[in-house]
Amino acid sequence: MGTATAGFGGLERSSAGGATAVARILARAKLATDPLLRAAVETLPGELRMMGGYHFGWWDERGTPTRAESGKGLRPALVLAAARAAGASAEAALPAAVAVELVHNFTLIHDDVMDHDEMRHGRPTIWKLWGATDAILAGDALQGLAIRLLASEPGVGVGAIARLEQAVIELCLGQFHDCAFETRQDVTLDECLEVVRHKCGSLLGCACVLGALAAEAPPGVIDTMDTFGRELGIAFQLVDDLLGIWGDPARTGKPVGADLVRRKHSLPVVAALSSGTPAGRELAELYRDGRPMDPVTIARATDLVTLAGGKRWVQAESRRYLDSAVSQLANFPASGDLHHLAHAVVHRDR
Ligand SMILES: CC(C)=CCC/C(C)=C/CC/C(C)=C/COP(=O)(O)OP(=O)(O)O
């Protein structure tokens, strides 16, 4: 089994022959799902439609067509790849792939409101342009579209809808605890990992389950796909947290040391804070000090996370969860795309 050597976006540079397998898998999934996604969003009335299309990068805030940057499309690609691994055509899983992407984007829009994030995909967030109330409604509308899409497909059972909404409940639980962490200094690594399981593992697990359901796979296969997606989701968030500190702003779209500036209890930070090392204690002092961080302090905080072992721990854990995810695929001969996507999740730069 070949593996991708670099993740989303680093791909073009990673192979002499042009696009690598992962770039092709993602591009194929986007090509297949985008028309259905766009058709769904275009059924929304008035401003809801305007905000939805703006968020996906199809037009600007005045409705003028653009081809702005949008998401990587990991989740729909996982749905289609899981369907293929479980023996279905990707076609059978298209509505599920679009529904998962709609739910994912509903959570991103709400997350931006809650975190007061002003930029996403290099553009102002919906709440920044339309206000928090409208952004919340735009997110809700995307979730409504997801359910309506699944419910109106003759081949999709209620089990798929129930599974998607179970993931939404888990996302809400994860977000609830994550928000609560902002006012605490004593967050533990176990608590953080539990949040990651809910905030990220649940939807990736759900994506793979919906792909397997489209293949009418037996319960054992559904469970295996769930485990694969959940383990991969944890690896995804671990890498996301590395990028939140060490990512190249030109690739991630976030400022240098973004998560440190905001004193986020991301996994490398919590690993460092709980290391019991002098560097960990100095970092704790910086986190307690409420003053805004200047570039020198950001650089010091970054070094402290490394010195306290936070970076090394997260790198090792992301590889461990990747291995654990991939080990689930042993009995799936048609799981090449899932393998490629899994490796790209960990070896990515955005
Ligand atoms: C209920 C609620 C508000 C929950 C919040 C859930 C939430 C926002 C979790 C964060 C997950 C995450 C790392 C998203 C980025 O995905 P990505 O890098 O694949 O994004 P992309 O699709 O834009 O590329």
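An oxygen atom of the ligand lies 2.7 Å from a side-chain N or O atom of His121, a polar contact in the sense of a pair of N or O atoms within 3.5 Å. Taken alone, the ligand exposes 630 Å², of which the protein buries 92% (Shrake-Rupley accessible areas, 1.4 Å probe).

The model is predicted, with pLDDT of at least 70 needed for local features and 80 or more for side-chain atom pairs, whereas totals for chains, interfaces and linings use all residues. Residues are numbered from 1 along each chain as its sequence is written, and side-chain values use heavy atoms, with hydrogens and water left out.

Among the 15 residues around the ligand (a heavy atom within 4 Å), those that come nearest are Lys72, Arg75, His104, His121 and Lys199. A ligand oxygen atom is 2.5 Å from a side-chain N or O atom of Lys72, and the corresponding value for Arg75 is 2.8 Å. By class, the shell holds 3 nonpolar, 7 polar and 5 charged residues.

Asp115 belongs to helix 5 (residues 94-115). Asp115 counts as buried because its relative accessibility is 15%, the limit for buried being under 20% (1.4 Å probe, protein chains only). Beyond residues up to four places away in sequence, Asp115 touches Glu182 and Arg262 (heavy atoms within 4.5 Å).

How values were computed:
Helices (H or I, at least four residues) and strands (E, at least two) are DSSP runs, numbered from the N terminus. Buried means under 20% relative accessible area, exposed over 50%, partly exposed in between (1.4 Å probe, protein chains only). A polar contact is a pair of N or O atoms within 3.5 Å; within protein, one must be able to donate a hydrogen and the other to accept it, and residues adjacent in sequence count only if both atoms are side-chain atoms. Ala, Val, Leu, Ile, Met, Phe, Trp, Tyr, Cys and Pro count as nonpolar, Asp, Glu, Lys and Arg as charged, and the others, Gly among them, as polar.
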